[in-house]
Amino acid sequence: MNRGTLYIISAPSGTGKGTIVSEILKADPNIHFSVSATTRAPREGEKDGVNYYFISREEFQGLVDSGGMLEHAEFCGNCYGTPKKAVFDKLAEGHDVILEIETVGAMNVKAACPEAVSVFILPPSLKELRHRLESRGTESEETVAKRIAEARGEIGKARNYDFVVVNDDLEKAIEDVREVMRAAKKLTKLNHDTIEGVLNKC
Ligand code: ADP
Ligand code: 5GP
């Protein structure tokens, strides 16, 4: 069985990555979403074990100390991390896996798993980003300000990603991310076995 592909998706908070990823997941049951652990409080409607594992700082530190995290980072005063086992189990079963994580964690995953494919989703502008964050209505004024302050630095890091998609028109952005995910399957770095296989048949 072929190993699944590991995708990293990042974007400044409010860009629309959650919206895009949930549409992609709905349409393809072969793709597994990596549920992260976080110390942030749940937003209205968020479910433990579905959107995140909502845990205390002590539990979070325990997971890090026991080597249970593939990566972890602090973002706007909260800790976020990717539980390692589920990701590697799903990849070994042949499922593709999406990590929806911020830029520090993304670069750490790239270092640990060079075969991972990274996609950065850009907002059309910082003005529109603020508008989306405010109209989502999940964050206090102070948290919106913190997240906007982070956005410029995060956008600069888009240069380190394999692919960049702009989320202006939502439907187009979803299609662009799907296209990138399909194209990634043909990257040379993911096809060494395919090349060997053909050579061995000659
Ligand atoms: P993120 O996961 O990146 O923080 P969300 O997916 O929660 O962002 O999207 C932030 C807000 O922007 C949501 O209210 C969402 O409905 C809205 N949104 C997403 N994409 C677009 C788009 N292309 N145009 C306008 N609004 C959008
Ligand atoms: P939010 O609080 O809006 O859900 O997420 C804040 C930021 O943390 C987003 O950029 C999101 O992608 C990122 N994030 C979510 N889970 C993880 C994770 O497991 N690791 C890292 N490094 N970032 C994460």
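By class, 12 nonpolar, 14 polar and 12 charged residues make up the lining of the largest pocket; Ala, Val, Leu, Ile, Met, Phe, Trp, Tyr, Cys and Pro count as nonpolar, Asp, Glu, Lys and Arg as charged, and the others, Gly among them, as polar. The model is predicted, and local features need pLDDT of at least 70, side-chain atom pairs count only at pLDDT 80 or more, while totals for chains, interfaces and linings use all residues. Residues are numbered from 1 along each chain as its sequence is written, chains are lettered from A and ligands numbered from 1 in the order in which they are written, and side-chain values use heavy atoms, with hydrogens and water left out.

The largest pocket holds about 930 Å³ of space. A pocket is found on a 1 Å grid over the protein atoms alone, as an open set of points where a 1.4 Å probe fits, with protein on both sides within 12 Å along at least five of seven lines; lining residues have an atom within 4 Å of a point. Grid points are joined across faces, edges and corners, and a volume is the space filled by probe spheres set on the points. Of the 38 lining residues, K17, G18, R43, Y52 and E100 lie nearest the centre of the largest pocket. Helix 1, strand 5, strand 6, helix 5 and helix 6 (141-156) each give two or more residues to this lining, and helix 1 has the largest share, six residues. Helices (H or I, at least four residues) and strands (E, at least two) are DSSP runs, numbered from the N terminus.

The space taken by ligand 1 is the largest pocket, and ligand 2 sits in the largest pocket. A molecule is assigned to a pocket if more than half of its atoms lie within 2 Å of the grid points of that pocket.

Around ligand 1 there are 13 residues, the closest being G14, T19, R136, N167 and D168; a residue is near a molecule if one of its heavy atoms lies within 4 Å of it. Polar contacts to a ligand are pairs of N or O atoms within 3.5 Å. A nitrogen atom of ligand 1 is 2.8 Å from a polar side-chain atom of N167. Backbone atoms also take part: a polar one of G16 lies 2.9 Å from an oxygen atom of ligand 1, and a polar one of L170 lies 3.4 Å from a nitrogen atom of ligand 1. Ligand 1 exposes 570 Å² when taken alone, and the protein buries 73% of that; accessible areas come from the Shrake-Rupley method with a 1.4 Å probe. Helix 1 (17-27) and helix 5 (126-136) each supply at least two residues of the shell around ligand 1, and helix 1 gives the most, with three residues. This shell divides into two nonpolar, seven polar and four charged residues.

An N or O atom in the side chain of S36 is 2.6 Å from an oxygen atom of ligand 2, and a polar side-chain atom of R43 lies 2.8 Å from an oxygen atom of ligand 2. A polar backbone atom of E100 is 3.2 Å from an oxygen atom of ligand 2. Of the 510 Å² of accessible area that ligand 2 has on its own, the protein covers 96%.

Definitions and conventions:
A polar contact is a pair of N or O atoms within 3.5 Å; within protein, one must be able to donate a hydrogen and the other to accept it, and residues adjacent in sequence count only if both atoms are side-chain atoms.
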